[in-house]
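Let us read one structure together, feature by feature. Keep the model open beside the text.

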Amino acid sequence: MMDKILTKSLNSSRFLVYRSLPTCQSNLKILNKNIVHLHTDLQSFKSRQHVLCNKSKYDITQFQKRNMFIQTQDTPNPNSLKFVPGVKVLEGGGTKDFPNATDAYCSPLAKMLFRIEGVKSVFFGPDFITITKLDEDMEWGILKPEIFATIMDFFASGLPILNESQPSADTQINEDDDEIVQMIKELLDTRIRPTVQEDGGDIVFMGFEEGIVKLKMQGSCTSCPSSVVTLRNGVQNMMQFYIPEVLGVIQVEDETDKIAKKEFEKLESKIQTLSSSSDKK
């Protein structure tokens, strides 16, 4: 009896398995199909992830370029600090020394750095810039933010580090220049001349005698009605602030200007004479 029951149960189980086999096969096909879809979705996800990663790297690179990360390093000289902008400063591994502002005629970046009050000298290396301050009283905590901003603004401008400009002959330091004349020339080059040039003119050093600085105005400043005010209230005040030995500033003319002025006066007089003669007729 037990054998019959077991046999019947076994046959019933076989029948159930047989009946459920098509369903299992169908489910297996569906499962395989879902696996294929899942694999396709995974490949698509990886592809999108690759694109997003590349885009993310690109954006980060651009962000780093727009926001230059400048490091500083101490030097054996406490008055000198090394600035590393993370980009090439001088190509070819060369160096360039600017002991004073007058020597910075060929470098727009050096000129900008010398405009920062407290900067004594500038030195360019292959991938660094060394700034030397005037003395120990000047704190790096005050100088560094302005130096950082100047370096970042310059590299963002795309200007060349060095150019082929020649030094201004009037403010070039000569061996026979005394200390006061050297200070006057440096002040003209670093603080006064750049401001005047922004207005379309220039200012030329003509000499220094008995406490009086002789200057010549050029360009738009030549016939500007406010040139006298500029000399007295602007240039003279700045000169006397930095150089107490300066007693005053005057505008002078060279021989060429004097000759041109005389010729112009002659021409003007001749025109007036001709005009008077025509009126009488």
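The dialogue below takes up a sheet and then a helix.

Q: What kind of model is this, and how are residues numbered?
A: This is a predicted model: local features need pLDDT of at least 70, side-chain atom pairs count only at pLDDT 80 or more, and totals for chains, interfaces and linings use all residues. Residues are numbered from 1 along each chain as its sequence is written, and side-chain values use heavy atoms, with hydrogens and water left out.

Q: What is the strand order of the open sheet?
A: Strands (E, at least two residues) and helices (H or I, at least four) are DSSP runs, numbered from the N terminus. Two strands pair if DSSP finds at least two bridges between them. Here 5 strands follow the order β1-β2-β5-β4-β3, with antiparallel pairing. β1 (71–74) and β3 (96–98) are the edge strands, each pairing on one side only.

Q: How many bridges join β3 to β4?
A: There are 3, and β4 covers residues 119–124. Phe98 stands opposite Val122 in β4.

Q: How many residues has helix α4, and what does it span?
A: The expected span is 1.5 Å times one less than the number of residues. Helix α4 (179–198) has 20 residues and reaches 28 Å from its first C-alpha to its last, close to the 28 Å expected.

Q: Where in α4 does a kink lie?
A: A bend is the angle between axes fitted to the seven residues ending at a residue and the seven starting there. In α4 the kink is about 45° at Ile192, shortly before the proline Pro194. Just after α4, Gly200 takes a positive phi of about 85°.
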